[in-house]
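Please read this briefing alongside the sequence and the 3D structure.

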Amino acid sequence: MRDHAYITEDLDNPSDISGIDFSLLSQKIAESSRYLQGKQSLKWLLRHYREIIGDSYKDFNRSSLPMSEGKGDLQLWQELVKALKAAKEERYCESVGRGSPIYLRLDGAADEEMKVIYRSLSPEIMAYFDPQSFLELCEMSDADLKFERARFLKALPEIRRKREGNDGVG
């Protein structure tokens, strides 16, 4: 792992390293220009070792994916939930000093990463949540998220009508 000096050795159990091909793991991290190189926990990498070597964590170019047309309401909600989980996994939503979430740090690095996550969302999601309200989702409890889900699903037909109207213009 000397090729990836940013990785923190945070193992609880040294036996977790048995059976790990570190040269293959290092190669997979190097192939990942974004996602895996953003992981700083050796514990996380080892926990997901099988998936990593099986290419389950490959970076993808969002523009090569099919458009969100045809995504169902629940698929869009799941996309949003996955984005929130990614933000929480990267600890962008955690509080630092006086209860401010990390994305509000003065250095702006986490804020920029949150913007990258936000810009990768489907147009319907971005039409419903502006960047600030997306960030505020981090602070919602599970009960609040369930309520927000109902509001989002109720608003989707109108969002789609507006988008279809805008697609025909121009």
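Among contacts in the chain between residues at least 6 apart in sequence, 64% join residues at least 24 apart; contact means heavy atoms within 4.5 Å. This is a predicted model, in which local features need pLDDT of at least 70, side-chain atom pairs count only at pLDDT 80 or more, and totals for chains, interfaces and linings use all residues. Residues are numbered from 1 along each chain as its sequence is written, and side-chain values use heavy atoms, with hydrogens and water left out.

**Overall layout**

- The chain contains eight helices and two strands; helices (H or I, at least four residues) and strands (E, at least two) are DSSP runs, numbered from the N terminus.
- Their order along the sequence is α-α-α-α-β-β-α-α-α-α.
- Of the 170 residues in the chain, 31% are buried; buried means under 20% relative accessible area, exposed over 50%, and partly exposed in between, with a 1.4 Å probe and protein chains only.
- The chain exposes about 11,000 Å², and carbon and sulfur atoms supply 51% of this area. Accessible areas come from the Shrake-Rupley method with a 1.4 Å probe, and for residues only the protein chains shown count as cover.

- His 4 is found in the segment before α1, which spans residues 22-31.
- With a relative accessible area of 6%, His 4 is buried.
- Apart from neighbours within four places in sequence, His 4 is in contact with Ser 26, Ile 29 and Ala 30.
- His 4 and Gln 40 are 36 residues apart along the chain, and 9.0 Å separates their C-alpha atoms.

**Aromatic pairs**

- A pair of aromatic rings is described by the distance of the centres and the angle of the planes.
- The structure holds four aromatic pairs. Rings of Phe, Tyr and Trp (its six-membered ring) pair if their centres lie within 6.5 Å; planes under 30 degrees apart count as stacked, over 60 as edge-to-face and the rest as tilted.
- One of them joins Tyr 128 and Phe 129: the ring centres are 4.5 Å apart and the planes stand at 90 degrees, so this pair is edge-to-face.
- Tyr 128 also pairs edge-to-face with Phe 152, at 5.3 Å centre to centre and with 70 degrees between the planes.
- Tyr 128 lies in helix α6 (residues 123-128) and Phe 152 in helix α8 (residues 142-167), so their pair ties together parts that are 24 residues apart in sequence.
- Tyr 128 and Phe 152 are both buried, and Phe 129 is buried with a relative accessible area of 2%.
- Trp 77, Tyr 128, Phe 129 and Phe 152 form one aromatic cluster.

**Nonpolar cores**

- The largest nonpolar core has 22 residues, and those with the most contacts inside it are Leu 80, Phe 129, Phe 134 and Phe 152. Such a core is a set of buried Ala, Val, Leu, Ile, Met, Phe, Trp, Tyr and Cys residues joined through side-chain atoms within 4.5 Å.
- Two or more residues of this core come from each of α4 (73-89), α5 (109-119), α6, α7 (131-136) and α8.
- The most is given by α4, with seven residues.
- A second, separate core of eleven residues includes Ile 29, Trp 44, Leu 45 and Leu 46.

**Salt bridges**

- Side chains of opposite charge can pair when their charged atoms come close.
- The whole structure has six salt bridges; a salt bridge is a side-chain nitrogen of Lys or Arg within 4 Å of a carboxyl oxygen of Asp or Glu.
- One of them links Glu 31 and Lys 28, with the closest N and O atoms 3.9 Å apart. Both residues lie in helix α1, three residues apart, about one turn of the helix.
- Glu 31 is partly exposed at 41% relative accessible area, whereas Lys 28 is buried at 13%.
- Lys 71 and Glu 79 form another, with their closest N and O atoms 2.7 Å apart. Here Lys 71 is partly exposed at 27% relative accessibility, and Glu 79 is buried at 13%.
- Arg 161 and Glu 158 also meet in a salt bridge, at 2.9 Å from N to O. These two are three residues apart in helix α8, so about one helical turn separates them.
- Glu 158 is partly exposed, with a relative accessible area of 36%.
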